[in-house]
Amino acid sequence: MSETASSPRLPAPGRAAQRLWSIIALPLISILLALVVGAFVIVASQLVLPGAQFNLLLPLTAYSALMEGAFGNFNAIVGTLASTAPLVLGGLSVGLAFRAGLFNIGAQGQFLLGALGAVAAGVALAGAPSVVAIPLALVAGFLAGAAWGFIPGLLKAVSGAHEVVVTIMLNYIAKAVIAAVVGGPLRQQGRSEAITPDVGNAALPIIVGSTGHAGILLAIIAVIFVGWLLFRTTLGFEIRTVGANPDAARYAGMRPRVVTIVTMSLAGGLAGLAGAIVILGVTHLMTPSFGTTVGFDSIAVALLGRTNPLGIVAAALLFGSLRSGATLMEIKAGIPVELVDVLQATILLFLVAAPVLQRLFRLRGVKSGLDTTATLTRTYGGEASVQ
Amino acid sequence: MDALIQALYAIPIVGLVFQLGGYIIAVGPNVAPGVLQAATPVALAALCGVMCERAGVVNIGIEGIMITAAFVGWYAGVLLAPVLGTADLGPFGANPALVVALVIALVSGVLISWLHAWLSISVRADQIISGSIINIVALGLTGYLNNLISKTSPNGAGSFIQYRPPHELTDLPVVGWLLGMFLNQGPIAMSVIVIVVILQVLLFRSRWGLRSRAVGEHPRAAETVGIDVIRVRYRNVLIGGVFAALGGAYLSMEATNSFQQEMTLGRGYIGLAAMIVGRWSPVGAFGAALLFYSSTALGNSIKFALPSGDLGTILGGLPDQVYDALPYLLTIVILAGVVGRSIPPAADGQPYEREATA
């Protein structure tokens, strides 16, 4: 423990702390700044709203109601975990694709298709024993999402169509597919409104509190799986190499086209699994307008978590608690739940503008906000991604 | 010969194609104005894409610019209507509040474009990420504000209305329906064709156009002959923002008279596809947008007036959502099929770093 003042080398714990700081500094600053911006938005929105009383302390009321809604008591914490689980899976989906240099904006569509697959299988197996019904419904969700991810992967590999535009289009198509299927083949007989039957025995068991379904465990398993896949397997190495430098990957004998297709399918499957646990763990049925913010939150989760599985867990917890606490905020402070969208957007904005933050706060030796994006814009437009 | 035609009709698919052709010719003049209306916001988005990408800046954030302008235009109208009044000014149903609100909407589009320009040109952030995040920011912020404001259920400044061309023009043989398509429109939809033609000429025949294209193809070479690459890129992205904002304003100030959350419905992205199909030229992009929305207009027409025969039975059996999803499906199909053969500006999406001034 004898450290000389002249030595620039820090002791091991100090170095670890410094390393941790270099990773979390920018995300942390972005979050804090976003909360400040959010406070300004809350104050300013009182000016927009005619007839509202002007209250400078409203941001404090709003934020404390948000915290109370997310962590105020045992049930609130369990609810936060339940809304975190799909975000973890969605974040892994976007993060995994990002590692391969693919921007999966389509997590929303894959999420919807996964939910549709799970509800279709769940309804069909509603009477079967849970041991059979639950795994099959989850697999159906995974496969449906994977199929929705396979399409942009294939198109990118074969014709160079950029995955950002293709996946956004697929998001809208997924919405139409759900409306058509829930209003058509899956519609429950004898009901005036279009709604599917209950998934019955395929519903996930509640393992903690009143809303803590087993999907939380599944999210934890997925984190371990993706971490293992990325850092301990050949495929993971290929994914990371293709993302960092497709030319080098090709030179080393890898097949970037195949990696693109496999990664997008896996990413789609993970997002589909997120949809499956929302259906099987929370709603147990589907309406034609089924949809949550999970798909778009996933993008923020992945970028804030630096596409690292553990970082994604932390970021998903943040957004899970924001989403879960927002309802109480709306009740207590009258601030629309969409404030979370504003916070999320601002965090992302600060992450993109990271070089400016670095200069502003004189951060040296801090990792930039977003890395491994070498191939994103390069493959835009006509150039086939990987020849 | 007759036997051949008989044989052709006997093949089921060919018979259907003939029936579809007949149906299109029959309903064409009626749906034509609707095609231009549906295509207007997409064409304007595509023009924004052309402006940006010809100068080497990829702009995925068009969707965000559009939704911002749609919201700002509508809400400016709400605030200005009591101040400036809504007295009728001319043939388009324009009133002072509406016109000023439109200008404010365009300014808001320029401001959002400025953010994208700053992030992608000055900060040199990844342009795809910058654009995508602008979309998330704009959708989130407009959704939040709309939720706050709609609690008071405010009255807007109304909307621009369509011009009714005289019957002598639209009843002309052959060209009558074309005149009707372009004249039976509100001011924004009518202006699109003018903007497209002017932009096409400027881009390929003017000094500004040559400079823009030089900056998009080979910025280093452009700088060596004295062109300020950064300035040209900023200028093009900002002007592009005006077009995208016009497309957004069209949605909330001409097509409807109110704002709805996420009312752009991916039109910014469809515009990018139209730009690619049109090979980064204004006229081509406009044509592609018209082509995309012919399918939607046809779908709407099929919902109301089912064609007769086998074709009607088949089309009538499809769920409505098929027609809703048609422009998105077409976008994907065309992107996958055409992109391989159309070539973007060489420096598209590459941040530019000035040569060190030694």
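Reader: Leaving aside neighbours within four places in sequence, which residues is B:Ala43 in contact with?

Author: Two residues are in contact if their C-beta atoms, placed from the backbone, lie within 7 Å. By that rule, and leaving aside neighbours within four places in sequence, B:Ala43 is in contact with B:Val192, B:Ala274, B:Ala285, B:Phe286 and B:Ala289. This is a predicted model, in which local features need pLDDT of at least 70 and side-chain atom pairs count only at pLDDT 80 or more, while totals for chains, interfaces and linings use all residues. Residues are numbered from 1 along each chain as its sequence is written, and chains are lettered from A in the order in which they are written.

Reader: How should I read two packed helices, and at what angle do the axes of α12(A) and α13(A) cross?

Author: Two packed helices are described by the angle between their axes and the distance between the axes. Helices here are DSSP runs (H or I, at least four residues), numbered from the N terminus, and axes are lines fitted to C-alpha atoms over the stretch in contact, with angles from 0 to 180 degrees between N-to-C directions. The axes of α12(A), residues 309–333, and α13(A) come within 10 Å and cross at roughly 160 degrees. The two helices are therefore roughly antiparallel, a term for angles over 145 degrees.

Reader: Which residues make that contact?

Author: On α12(A) they are A:Phe319, A:Leu322, A:Arg323 and A:Ala326, and on α13(A) they are A:Leu339, A:Val340, A:Leu343 and A:Gln344.

Reader: How many residues does each chain give to the contact between chains A and B?

Author: Chain A gives 44 residues and chain B gives 45, and on the side of chain A the largest share, 10 residues, comes from α6(A).

Terms used: Parallel < 35°, antiparallel > 145°, perpendicular 65-115°, else oblique.
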